[in-house]
Amino acid sequence: MQLTVWTYEGPPHVGAMRIATAMQGVHYVLHAPQGDTYADLLFTMIERRGKRPPVTYTTFQARDLGKDTAELFQQAARDAYARFQPQAMLVGASCTAELIQDDPAGLAEAMRLPCPVVALELPSYQRKENWGAAETFYQLARRMCTATVPGARPDGGKPSANILGPTALGFRHRDDVIEITRLLDQLGIAVNVTAPLGATPADLARLGDADFNICLYPEIADTLCRWLERRFGQKTVRTVPIGHGATRDFIAEVAAIAGVDPAAALAPSNLPWWSRSVDSTYLTGKRVFIFGDATHAIAAARVARDELGFEIVGLGCYNREFARDLRDAAVLYGIEPLVTDDYLAVEAAIQGLQPELVLGTQMERHIAKRLRIPCAVISAPVHVQDFPARYAPQMGFEGANVLFDTWVHPLVMGLEEHLLTMFRDDFEFSDAGGASHLPSSRPAGGVGGGPVTAPESDETNPTLATNGGTWSADAERELLKIPFFVRGKARRNTEKFATEHNLATITLDTLYDAKAHYAR
Amino acid sequence: MTPAVPATTPGCDAAPVLRERGQREVFCGLTGIIWLHRKVQDAFFLVVGSRTCAHLLQSAAGVMIFAEPRFATAIIEERDLAGMADCNEELDRVVDRLLARRPDIRLLFLVGSCPSEVIKLDLSRAAARLSVKHAGVTKILNYSGSGIETTFTEGEDACLAALAADLPADTTDAPSLMIVGALPDVVEDQFLRLFADLGIGPVHSLPARRANDMPPVGPNTRYLLAQPFLGETARTLEDRGGRRLDALFPFGAEGTTDWLHAAARAFGIDEMHFRSVIAPGRERAKRAIEHSRERLTGKRITFLPDSQLEVPLARFLATEAGMIPVEVGTPYLHRRHLAGELALLPAGTLLSEGQDVDRQLDRVRAAQPDLTVCGLGLANPLEAEGLTTKWAIELVFSPIHGFDQAGDLAELFARPLRRRDVLRV
């Protein structure tokens with residue numbers, strides 16, 4: 001057993017959901033207990049999708065276990081087909097259903113559904129989310145690709161490529177695809193199929209028609225790309241175009257495979273000039289710690305050292321499948337690689353290295369916050385704010401611009417913070433102002449420390465700076481039970497209410513009378 | 001002012017209930033840990049389960065996971081399943097490591113999950129074994145929060161039932177009152193003040209805020225359920241001699257009045273005194289509800305099953321805010337505990353228990369209610385279809401009980417409707 005508070009990746013069936021949700025015309029029937037539907041809200045809330053993921057869960061309960069959960073599964077599959085009429089169906093088990101051994105594959109086969117059915121073998125107790133996504137993508141594509149020879153070239157004989165790897169719940173996948181599609185268009189290369197994001201099973205059947213494949217996210221597409229190489233002899237573009245230099249290399253690699261002139265796409269990004277301008281001089285040699293999925297971490301390291309002039313002091317990833325690539329990259333920077341899925345190990349490494357900037361996932365953002373180190377997010381897992389409304393790719397030349405702004409921003413903030421602290425006793429700066437972007441709490445000791453306390457301003461002492469009546473002791477105690485971020489408002493409202501009603505003393509009743517009065 | 005709720009036209013107490021089986025879009029009982037660990041300040045919740053369980057807790061806990069939380073998952077690995085590692089030895093190792101790291105923990109819950117239930121890992125025996133080992137420092141209890149056995153708030157029920165079975169015996173002859181159900185501290189304090197003003201005492205809460213302060217229980221214990229999802233806990237308390245005071249649940253001015261009144265009657269409090277004590281709070285509640293009333297009155301509302309709070313909340317919205325319940329879905333309908341609530345629901349309300357989510361959504365689309373209360377997996381998709389929603393989980397995480405939260409409770413339902421009306425995009 002492994003003691004876990006935070007997990008960088010979900011179970012493998014969540015990876016399968018990411019493929020099904022990314023695509024059109026696919027439905028996933030998942031043999032799973034009641035409660036596993038929680039995964040739906042990753043898509044509807046974090047990614048803000050306006051549609052339910054195309055997943056039917058059998059949601060068996062304890063009382064079903066004594067009976068026929070297999071029949072439950074078949075009924076769910078039948079109903080799902082009748083209701084959604086998918087072009088292809090995925091069937092599989094979640095971690096609990098794996099234990100009751102109902103064999104969704106055999107059960108689905110026996111049903112003879114009138115559409116292709118792909119049975120997924122996702123070992124929940126060995127593998128994780130990215131592996132589940134890669135395996136699902138590969139199995140589904142392999143099932144649909146029944147052709148042995150490429151079909152006709154699409155789009156009037158232009159060279160064409162498949163863009164492989166973007167999924168639902170992928171970090172910036174939506175905008176990366178737009179950016180890369182635009183690049184290919186400038187090079188005169190047609191996109192045959194982009195998958196899984198936006199593709200149908202019928203699109204997957206056409207994968208063989210392209211001249212070559214672009215493995216945009218190796219974590220998702222590597223397995224399939226290798227199979228397509230064997231099956232159709234398609235070459236694979238393996239440079240991940242994150243950063244200015246990597247984008248140029250990507251264009252060169254694509255142009256060489258497609259036999260086109262790369263010049264058309266070499267539009268410069270703003271990053272080189274922004275980075276050379278004197279304002280960026282202070283970035284030189286800033287010590288940076290990088291952690292995420294292997295692809296994003298390796299790409300970020302190159303940008304950090306070669307394009308921003310940082311010093312890499314730590315480099316790591318949480319997905320063991322790509323540990324070798326990460327170890328090779330760490331050699332380039334002469335540092336020890338960190339391959340772990342235990343956030344406490346990451347926290348210990350950051351604490352030990354004391355970098356000036358952390359580039360990581362949502363988890364590193366919180367670790368950095370606790371240690372009061374500036375931080376930017378470069379990789380999944382991420383929260384809702386990293387599925388932005390605005391155009392925000394990581395890839396291509398616009399991606400390079402986004403990276404520059406995103407990474408430098410917390411440092412400028414940090415500098416501002418530092419100046420404010422230096423002049424803290426200056427009459428114009430209030431000591432109670434608190435930090436502009438970091439909690440003004442003392443670092444809570446990290447591992448094993450207590451909870452991070454909320455920043456406390458003068459609200460802890462409600463009798464300060466008031467002129468609306470005196471607070472009785474019990475009303476004051478009550479006020480402190482109100483969360484700090486609305487406490488100030490509650491205090492002001494109560495005092496205003498007391499003044500208006502000519503109350504000399506603020507009692508508990510005054511507090512709640514005011515609350516009712518201002519309820520909005 | 002009449003504190004007792006008047007009998008209305010026949011409500012839904014005898015109405016047929018639509019019982020459905022099929023896909024259920026609900027949380028499992030593990031989710032209860034998210035608020036339970038905030039309530040009992042020196043308790044730790046260790047889930048024995050899979051990566052899915054850890055992932056669920058993380059998704060539900062949002063940012064709380066990073067403040068050195070008092071919950072974690074012991075993830076079962078292949079070695080454990082293949083019998084290469086002895087599950088009990090592994091569990092002992094994990095618990096020892098955990099308690100060494102967090103010596104401040106006085107109460108440890110081993111929480112069962114679907115995987116641990118299916119492989120028949122006996123956590124109750126493990127809890128007993130470990131309790132002996134850590135005796136004098138940490139008490140170790142067990143309950144199941146698995147999806148195969150519990151739905152969302154039933155996780156709290158299972159946890160409190162485990163606590164109730166373990167409470168010290170009350171051997172005194174004096175009656176005492178127990179408030180059952182984890183309430184936000186601010187709400188609990190309001191209730192304790194009201195009981196003190198009424199002259200009722202001693203009053204205990206289950207759960208208490210600290211492991212060593214858990215209340216005693218015995219034949220003179222009278223208890224009030226603060227939450228409608230505590231069937232198992234109630235049964236356990238009855239077995240220990242406790243007696244439930246039947247009342248509406250304390251939502252809104254009327255619900256809170258009736259709930260307090262049940263205690264006042266049981267403790268022989270003078271009627272006039274009762275009225276004078278609750279009058280200010282009751283008036284405040286009514287005034288605060290008034291702010292949202294205009295927007296809510298006449299609006300049709302559907303509840304999809306989530307927490308078992310649906311019936312009392314529908315009653316509150318119907319009787320105090322003028323809303324019209326269309327369908328009230330609940331994961332489990334406890335007829336006896338909800339008898340008073342059901343009687344007050346407007347006749348003609350469709351009651352449903354359980355779920356076949358696709359069929360239920362077909363009913364929602366056909367009925368086109370003004371407001372649909374549902375989980376986060378359904379809220380945005382329904383909004384995209386043009387239906388206004390209120391996400392249900394907030395009703396479990398926010399202070400909504402009692403007089404001084406009645407306005408906030410009404411506002412929770414009014415806000416999405418107001419937003420629908422103000423947006424011009």
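Tutor: Here is a quick tour by question and answer.

Tutor: This is a predicted model, where local features need pLDDT of at least 70, side-chain atom pairs count only at pLDDT 80 or more, and totals for chains, interfaces and linings use all residues. Residues are numbered from 1 along each chain as its sequence is written, chains are lettered from A and ligands numbered from 1 in the order in which they are written, and side-chain values use heavy atoms, with hydrogens and water left out.

Student: How many helices and strands does chain A have?

Tutor: Chain A has 20 helices and 16 strands. Helices are DSSP runs of H or I with at least four residues, strands are runs of E with at least two, and both are numbered from the N terminus.

Student: What share of chain A is buried?

Tutor: Of its 520 residues, 58% are buried. Buried is under 20% relative accessible area, exposed over 50%, partly exposed in between, with a 1.4 Å probe and protein chains only.

Student: Switching to sheets. What is the strand order in the open sheet of five strands?

Tutor: The order is β1(A)-β3(B)-β2(B)-β4(B)-β5(B), with mixed pairing. Two strands pair if DSSP finds at least two bridges between them.

Student: Which strands stand at the edges?

Tutor: β1 (2-4) of chain A and β5 (139-144) of chain B. Each has a single partner strand, so one side of each lacks a neighbour in the sheet. From one strand to the next, the twist averages 25 degrees.

Student: How many bridges join β2 to β3 in chain B?

Tutor: Five, and the two strands run parallel. Gly49(B) has Ile75(B) in β3(B) as its bridge partner.

Student: And which helix lies across β1 of chain A together with β2 and β3 of chain B?

Tutor: Helix α2 (residues 51-61) of chain B, at about 160 degrees to β3(B). Axes are lines fitted to C-alpha atoms, for helices over the stretch in contact, and angles run from 0 to 180 degrees between N-to-C directions.

Student: New topic. Where do α12(B) and α17(B) meet?

Tutor: Leu313(B), Phe316(B) and Leu317(B) in α12(B) meet Ala406(B), Leu409(B), Ala410(B) and Phe413(B) in α17(B). Contact means heavy atoms within 4.5 Å. The axes come within 11 Å and cross at roughly 95 degrees.

Student: Last one. Is Glu188(B) buried or exposed?

Tutor: Glu188(B) is buried, because its relative accessibility is 6%. Glu188(B) is in helix α8 (residues 185-198) of chain B. Not counting residues up to four places away in sequence, Glu188(B) touches Lys39(B), Leu183(B), Ser205(B) and Arg209(B).
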